[in-house]
Amino acid sequence: MAQISSLQAMDSPASGGDNPRRGWKALRRLAKRRLALTAIVVMAAIIALALAAPLLPIADPDQIASPDRLLGLGHERYLLGSDELGRDVLSRIIWGARVSLLAGFGAAILSMAIGVTVGLLAGFLGRWVDSLLMRSTDVVLAFPSILLAIGVIAALGSGLTNAMIAVAIAGFPLYARVARGSVLSVRELDFVEAARSIGASQLGIMTRHILPNILAPLIVAFSLDVGLKIVLTSSLSFLGLGAQPPTADWGSMIASGRNYVRNAVHLIMVPGFAIFVVVLCLNIIGDQLRDALDPRLKNT
Amino acid sequence: MHYFLLSRILHTIPVLLGVSLLAFFVLRLAPGDPVLMMLPADATQSEIESLRETLGIDRPIVIQYLSWLQEVAGGNLGQSLFTNRPVIDEILTRFPNTLILAAASLVLAIVLGMPLGIIAAVRHGTSVDSGSMVLSVIGWSMPNFWLGLILIVVFSVWLGWLPTGGMYDMMAMERSFWDLLRHLILPAITLATAHMAYIARFTRSSLLEVLRQDYVRTARAKGLSEWLVIMRHALRNSLIPIISVLSVTLGHLLSGAVIVEAVFSWPGLGSLMVQSISNRDFPMVQGAMLFAATVFILSNLIADILYAFVDPRIKYR
């Protein structure tokens with residue numbers, strides 16, 4: 001939901017990147033913004049914690065300890081309390097970050113790969129290929145995203161990988177539109193003509209000349225989209241259609257914790273807050289990156 | 001105008017056909033025999049054969065699609081494998097509940113989001129502006145299933161003011177509007193929050209755009225008060241793009257309702273879909289997908305037509 005406005009604002013050739021160096025300049029500008037920098041630092045810390053999970057001195061996330069069930073926050077052995085099976089919530093949050101972030105980033109990367117391929121082909125080849133691909137994209141867009149994702153899961157079966165695929169399929173049209181719009185603004189430029197005149201193949205022109213020049217708006221779209229993908233994959237896990245027990249995943253942790261809200265509210269508060277912080281940081285980074293890359297889109 | 005209307009309606013037909021194709025084929029994505037996938041593992045051979053015959057699985061896929069499409073065009077979405085009732089009946093029973101939830105959320109999102117956006121635009125660059133935008137970023141970054149649970153904990157478990165879920169009190173002798181309203185408050189707030197943030201942000205950017213126009217400068221130059229400039233000149237024009245936003249919002253409300261209905265046990269279309277997956281009721285999933293997408297497409301169509309009525313420039317584009 002969050003990123004609709006920003007992504008829609010990007011859905012135009014105006015945001016096409018015609019200078020690869022602009023990306024670096026934008027990153028430097030981004031680093032100078034305090035809010036963006038804070039979000040980047042927090043996000044980097046969360047990713048570092050997730051990657052370092054096997055090296056950290058924390059309990060096994062799946063280790064059951066029945067006598068220690070439902071302990072609250074600040075317990076001497078369980079800093080973030082324990083769950084209904086006596087498992088350490090802190091450990092499950094850190095290990096869960098690996099699963100939740102992987103699912104969100106994985107779905108966004110897959111979505112971008114499908115969308116960019118479709119957008120490149122449609123924008124570059126034009127004519128009936130363009131019509132066919134973009135009309136197909138319109139059809140996918142006609143489905144509310146989570147309903148389509150649920151439909152795909154109904155076919156493929158529950159599970160984290162299938163949830164990622166389902167979310168990626170439901171979300172590729174935005175990338176396809178951004179890529180196509182950018183290709184249209186780049187394909188008639190002199191350097192493409194030059195590549196064509198020295199005999200470069202169509203595939204070569206698309207991958208070596210056009211793709212690097214449309215990366216800027218795609219990177220912004222990705223940074224705005226990845227938060228949404230984390231929410232969607234977590235939502236599917238919450239519904240029992242994504243990660244399956246005993247896998248520690250933030251969405252499924254909230255789902256199992258909801259049965260204990262009367263006496264152990266931390267079981268929903270801690271993983272929910274983790275999702276919230278990650279999505280907030282990603283939204284801030286995406287917003288600021290977009291402003292830094294294309295000041296014309298500021299205030300949208 | 002007639003040409004615009006006709007072409008816009010005609011454009012909807014291929015999208016609807018595409019939607020039917022996708023809804024039909026998405027459940028054939030699964031590897032293996034779809035009939036075995038729909039039935040429990042201990043199904044007898046005669047049950048398998050009977051379902052195979054009902055679904056017409058042995059025929060060529062194109063023929064299957066065309067005959068399914070013919071049935072769908074006649075309003076027949078098939079039979080539920082779980083309840084044995086017609087899918088369309090189940091959907092029509094549940095859809096009004098989703099619509100009530102979505103409509104209440106839309107009203108809340110507009111009533112709270114638009115003033116927030118207007119205040120932010122009018123006080124552009126001040127702490128009020130940054131404060132309301134911070135609120136909107138927080139609003140849309142919050143996963144709605146988490147927000148729903150927090151509201152349940154605070155208002156139902158701790159304070160005991162509102163029910164934890166459902167649409168009516170199960171113990172009540174008769175259904176009253178007041179009872180519905182009490183059950184509606186928390187899910188509607190949950191569903192509205194992200195959309196409120198989106199509408200606030202969109203209203204702000206749209207109003208800021210209009211405030212830079214020459215005719216607003218003229219209005220100020222002729223000595224109108226700032227209040228009149230905003231209410232009579234700027235706001236009216238800045239609201240035009242919001243119509244298109246509202247149609248998108250309706251689609252996303254339908255989407256978000258899936259999660260919110262699951263959190264609050266709201267008996268709508270979304271919870272029907274989630275239940276149908278665990279019941280392996282594929283005709284129901286297919287029917288609900290098709291129905292939701294059609295509602296979404298039609299709401300976009302209505303919004304586009306409304307947009308053209310409100311802004312006469314549209315039809316010349």
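**View 1. Helix H12(B) and its burial in the predicted model.** In this predicted model, H12(B) is largely enclosed by the rest of the structure, because 8 of its 10 residues are buried. A residue is counted as buried here if 20 or more other C-beta atoms lie within 10 Å of its own. The buried residues run from Leu269(B), Gly270(B), Ser271(B), Leu272(B), Met273(B) and Val274(B) to Ser276(B) and Ile277(B). Across chain B, 38% of the 317 residues count as buried.

**View 2**

**View 3. The side of chain B that touches chain A.** Contacts link 47 residues of chain B with 43 residues of chain A. Helices H1 (2-26), H6 (127-141), H7 (144-158), H8 (177-211), H11 (240-264), H12 (269-278) and H13 (282-310) of chain B each give two or more residues to this side. H11(B) gives the most, with 9 residues. By residue class, this side of chain B divides into 38 nonpolar, 8 polar and 1 charged.

View 4. The secondary structure of chain B comes to 13 helices and 0 strands, and its elements from the N terminus on read α-α-α-α-α-α-α-α-α-α-α-α-α. Taken along the principal axes, the C-alpha atoms of chain B fill a box of roughly 85 × 55 × 35 Å. Among contacts in chain B between residues at least 6 apart in sequence, 71% join residues at least 24 apart.

Conventions: Residues numbered from 1 in each chain as written. Chains lettered and ligands numbered in written order. Predicted model: local features only at pLDDT ≥ 70, side-chain atom pairs only at ≥ 80, totals over all residues. Contact = placed C-beta atoms within 7 Å. Helix = DSSP H or I, 4+ residues; strand = E, 2+ residues; numbered from the N terminus. Nonpolar A, V, L, I, M, F, W, Y, C, P; charged D, E, K, R; others polar. Buried ≥ 20, exposed ≤ 12 C-beta atoms within 10 Å, placed from the backbone.
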